[in-house]
Amino acid sequence: MGYSGARGGLEAILAAEDLVRRKRDHAPAPWASTEQITARFRLAVDRVMGEAGLYDEPTAADAFRQAEGDSLEASHLLRAQRSTLPRLAVSEPVDPGEMTVLRRIVPAFREPDGPQLLGRTSDYTGRLLERPAARPEPEQPGQPEGRGTVDISERTDEQRSPRRFLDLLRKWELVAEGRTGDDPEPHDITRKPARPPADRSAVLAAMARAESGALIALWYRSVLGPDGDVHEITLGELRHGRLPLRVRHPHTGNPVAVGEFRVTEAEAIEDLDGADEDRTRFDIGYGLCFGHNERKAIAMANLDIAGRRFGRSGPLEQLLLLTLDGLDSGGFLEHLKLPHYVTFRSMVERKQAMQAAAEAGEDLPARAAEPAGKECR
């Protein structure tokens, strides 16, 4: 984006960039290493990876440090870095049932198949600020994850990979399976932007990369029902764990595990009560995103249902696809800080012309009543 009307600002721009680097790299506080950021700010690192669409903890931590804690700017840096990388292979489809569970709760059922694993969470503690007087001792290997939990090394296969709560609902024939069919080929939104009407995979991918706060706000708006589409939701199951990453071997053609990555997965349940819906069944919404970001996964799962039930007839699908990307919305907002001298000068001259015409008792010129130009866009 160019602004030919702004000149002579290069020296100030370079000085501002130099000031950022000096204040960031030579601050009085100790330098935060990549390892410190990934260990101490894990949720922020996970959020940056999710909104950037690139799973690499050290790179996300470096972007978070360079952005001085601004998660949106860090996501921007990470997407820019991703755009420079070659695409060497496409991973194999992932079965979430293979997840090695670190945390698993089933709010909808007291005694589901498999255990409830609270894992690492502060959901059940008071929100009281702690100011530790001294640096806590590092956790020793093999130490239990927390009071009342099971050490990861001591978990059985059933505890590490419990059956899904959705399987129990299917056993009871309570799931409307026909409403949740998968797309024949997932839509790659990094190569082709999605526009309404879109496949379900495109909507889920857009939500997985969405700015977390914007996604949660849109979910809350849909629950409150200002558009008249009121729907009640129940969180069926929530998981956080590790999944294997597999690619095809270039010579043998066999799938090979090349690593693993952490994800958060949510399944939401909604009672079908529409006139043309099967009222004997439940609808199931799904959400999955990089890292440990439970708020985003829960919002995704519920908006997945709302999008199918109401998205085609209202603005919801368009909002999901076109307004939740933090880099798009934040980028347009940020550009307002750039020089708009020419645009605003034309607006001032138009107002002055209208004032002069009014003082002279003349009718307003037709062009003077038109909105200002779109140069800033």
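Reader: Let me start with one residue. Is Phe261 buried or exposed?
Author: Phe261 is buried, with a relative accessible area of 11%. Keep in mind that this is a predicted model.

Reader: Why does it count as buried?
Author: Buried means under 20% relative accessible area, and Phe261 has 11%, so it counts as buried.

Reader: How many aromatic pairs are there?
Author: A search of the whole structure gives 7 aromatic pairs. One of them is Phe41 with Phe64, a tilted pair with 6.0 Å from centre to centre and 40° between the planes.

Reader: Where do Phe41 and Phe64 lie?
Author: Phe41 is in the loop between helix H2 (34–40) and H3, and Phe64 is in helix H4 (residues 57–66), so the pair ties together parts that are 23 residues apart in sequence. Phe64 is buried at 12% relative accessible area, whereas Phe41 is partly exposed at 44%.

Reader: Back to Phe261. What kind of pair do Phe261 and Phe290 form?
Author: An edge-to-face pair, because the ring planes of Phe261 and Phe290 are at 85°, with the centres 6.1 Å apart. This pair links distant parts of the chain: Phe261 belongs to strand S3 (residues 255–271) and Phe290 to strand S4 (residues 282–290), 29 residues apart.

Reader: And is Phe290 buried or partly exposed?
Author: Phe290 is partly exposed, with a relative accessible area of 25%. Phe261 and Phe290 also form one aromatic cluster with Tyr55.

Reader: New topic: H4. What do its buried residues pack against?
Author: The buried residues of H4 pack against helix H1 (10–25), H2, H3 and H5. In H4, the buried residues are Ala60, Ala61, Ala63, Phe64 and Arg65.

Reader: How does H4 sit against H5, then? What is the angle?
Author: H4 and helix H5 (residues 71–83) pack at an angle of about 130°, and their axes are 8 Å apart. That angle makes H4 oblique to H5. The crossing of H4 past H5 is right-handed.

Reader: Which residues meet there?
Author: From H4, Thr59, Ala60, Ala63, Phe64 and Gln66; from H5, Ala74, Leu77, Leu78 and Gln81.

Reader: What about H3 and H4, how do they cross?
Author: The axes of H3 and H4 cross at roughly 100° and come within 9 Å. The two helices, H3 and H4, are therefore roughly perpendicular to each other. On the H3 side are Ala44, Val45, Val48 and Met49, which meet Glu57, Ala60, Ala61 and Phe64 in H4.

Reader: What follows H4?
Author: Glu68 follows H4, and its phi is positive, near 60°.

Reader: What else does Glu51 touch?
Author: Leaving out residues up to four places away in sequence, Glu51 touches Ser75, Arg79, Arg209, Ala210, Glu211, Ser212 and Lys296. A polar atom of the Glu51 side chain is 3.0 Å from the backbone nitrogen of Ser212.

Reader: Where is Asp325 found?
Author: Asp325 is in the loop between helix H11 (316–322) and helix H12 (326–335). At 14% relative accessibility, Asp325 counts as buried. Its side chain makes a polar contact of 3.1 Å with the side chain of Arg79. Beyond residues up to four places away in sequence, Asp325 touches Arg79 and Arg209.

Reader: Last one, the whole protein. How many helices and strands?
Author: The protein has 13 helices and 4 strands. Of its 377 residues, 33% count as buried. Among contacts with a separation of 6 or more, 66% are between residues 24 or more positions apart.

How values were computed
Residues are numbered from 1 along each chain as its sequence is written. This is a predicted model: local features need pLDDT of at least 70, side-chain atom pairs count only at pLDDT 80 or more; totals for chains, interfaces and linings use all residues. Side-chain values use heavy atoms; hydrogens and water are left out. Rings of Phe, Tyr and Trp (its six-membered ring) pair if their centres lie within 6.5 Å; planes under 30 degrees apart count as stacked, over 60 as edge-to-face and the rest as tilted. Buried means under 20% relative accessible area, exposed over 50%, partly exposed in between (1.4 Å probe, protein chains only). A polar contact is a pair of N or O atoms within 3.5 Å; within protein, one must be able to donate a hydrogen and the other to accept it, and residues adjacent in sequence count only if both atoms are side-chain atoms. Contact means heavy atoms within 4.5 Å. Axes are lines fitted to C-alpha atoms, for helices over the stretch in contact, and angles run from 0 to 180 degrees between N-to-C directions. Angles under 35 degrees count as roughly parallel, over 145 as roughly antiparallel, 65 to 115 as roughly perpendicular and the rest as oblique. A crossing is left-handed if the near helix is turned anticlockwise from the far one by less than a right angle, and right-handed if clockwise.
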